[in-house]
Amino acid sequence: MSRASHPAAIRARITRLGEWTLREFAQVDSTNFVAGTLPVWHAVRADTQTAGRGRFQRPWVSDAGGLWLSAVVPAPVEKQDWPLLPLVAGLAVIEALLTFGVARIRLRWPNDLMVGDKKLAGLLVDTFDPQRAVIGLGVNVTNQPAAQDASLRHTATRLADLLNPPPALAELTAVILDHLCQKMAALAAGGFAALQPRLNQCWGGTPRVTVDLDAGVRQGIFTGVDEHGRLLLQDEAGNRTALAAHEVRLLREI
Ligand code: BTN
């Protein structure tokens, strides 16, 4: 289906927000899919998604009241740098949420936003073509994820549980897109090394983790990322191994 004949395109509300052109819909399949048809510095928000996607091909509960947002940014020229985008986007979103006063918020590698052991938000980055990357963000705000999936009762949290009142979706969208634009500019100007020290303050400590690798399972202490964005895993003897994102299938905090 062409972009012009996409059914959702007819009902978009279009707003300019700084660098961004924001298209808002009542409902889409996945905001990442709609954003994938758009040029860089376009963003898509929908009230609900019928086929919201999480990492590892998992469905993402996308009921009304949550922030379901996708932003199209220039993909790094070198493909080996694409794994930096989820890290940079995670940093942008955590800094945006800090401006609303969310306490105890932290990142879990590579880019889950956690409050304690509960997940507040997740990011899914799609690179549909070499020039453009789609940064998809889901934030639980006033939606009711546990009403859709009871297993989320003990694993998910919402801004409405943390802030009274929670921010309006319009304000949240504007602040997050602004921070994302700033971080993309910082990445372009100074490279990832300019963002790495600040990012490494956002992990909320050095958790003990299990990482599933192609070569097997390893345990150790997660100590952050290096200047190339590789995960740093420290063993009992204090030796550190740097693992590229593509080597790590899954990280679990233990
Ligand atoms: C995860 O933690 O597994 C990633 C979740 C990403 C969800 C967002 S909601 C907006 C965008 N559209 C999607 O289909 N997924 C992302």
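Into which domains is the chain divided? The chain is divided into domain 1, covering 7-199, and domain 2, covering 208-253, with bounds that come from an automatic or database domain assignment. This is a predicted model, in which local features need pLDDT of at least 70 and side-chain atom pairs count only at pLDDT 80 or more, while totals for chains, interfaces and linings use all residues. Residues are numbered from 1 along each chain as its sequence is written, and side-chain values use heavy atoms, with hydrogens and water left out.

**The ligand and its surroundings**

- The ligand is surrounded by 19 residues, the closest being S30, Q49, R53, R55 and K119, where a residue counts as near if one of its heavy atoms lies within 4 Å of the molecule.
- Q49 places a polar side-chain atom 2.9 Å from a nitrogen atom of the ligand, and a backbone N or O atom of R53 lies 2.7 Å from an oxygen atom of the ligand.
- In the side chain of K119, an N or O atom is 2.5 Å from an oxygen atom of the ligand.
- Taken alone, the ligand exposes 420 Å², of which the protein buries 97%; such accessible areas come from the Shrake-Rupley method with a 1.4 Å probe.
- The elements that give two or more residues to this shell are α2 (31-35), β4 (67-74), β7 (118-129) and β8 (132-139), and β7 gives the most, with four residues.
- Helices (H or I, at least four residues) and strands (E, at least two) are DSSP runs, numbered from the N terminus.
- By class, the shell holds five nonpolar, 10 polar and four charged residues, with Asp, Glu, Lys and Arg counted as charged, Ala, Val, Leu, Ile, Met, Phe, Trp, Tyr, Cys and Pro as nonpolar, and the others, Gly among them, as polar.

**K119 within the fold**

- Not counting residues up to four places away in sequence, K119 touches W60, R108, D112, L113, M114, N140, T155, A156 and T157, contact here meaning heavy atoms within 4.5 Å.

- The centres of domain 1 and domain 2, taken over C-alpha atoms, are separated by 25 Å, and the contact takes 11 residues from domain 1 and 13 residues from domain 2.
- Between them the two domains bury about 990 Å², 68% of it on carbon and sulfur atoms; buried area is the accessible area (1.4 Å probe) that two parts lose on being put together, summed over both.
- F56, W109 and Q196 supply 56% of the area that domain 1 buries against domain 2, more than any other three residues.

**Backbone features and a loop residue**

- Most residues other than glycine have a negative phi, and most peptide bonds are trans.
- F56, which is not a glycine, has a positive phi of about 60°, and F56 lies in the loop between β3 (42-49) and β4.
- W109 and P110 are joined by a cis peptide bond with omega of about 0°, and P110 lies in the loop between β5 (105-108) and β6 (112-115).
- A cis peptide bond also runs from N164 to P165, with omega near 5°, and P165 is found in the loop between α5 (159-162) and α6 (169-190).
- F100, placed in the loop between α3 (84-98) and β5, is in contact with L163, P167, E171, L172 and V175, leaving aside its neighbours within four places in sequence.

Note on methods. A polar contact is a pair of N or O atoms within 3.5 Å; within protein, one must be able to donate a hydrogen and the other to accept it, and residues adjacent in sequence count only if both atoms are side-chain atoms.
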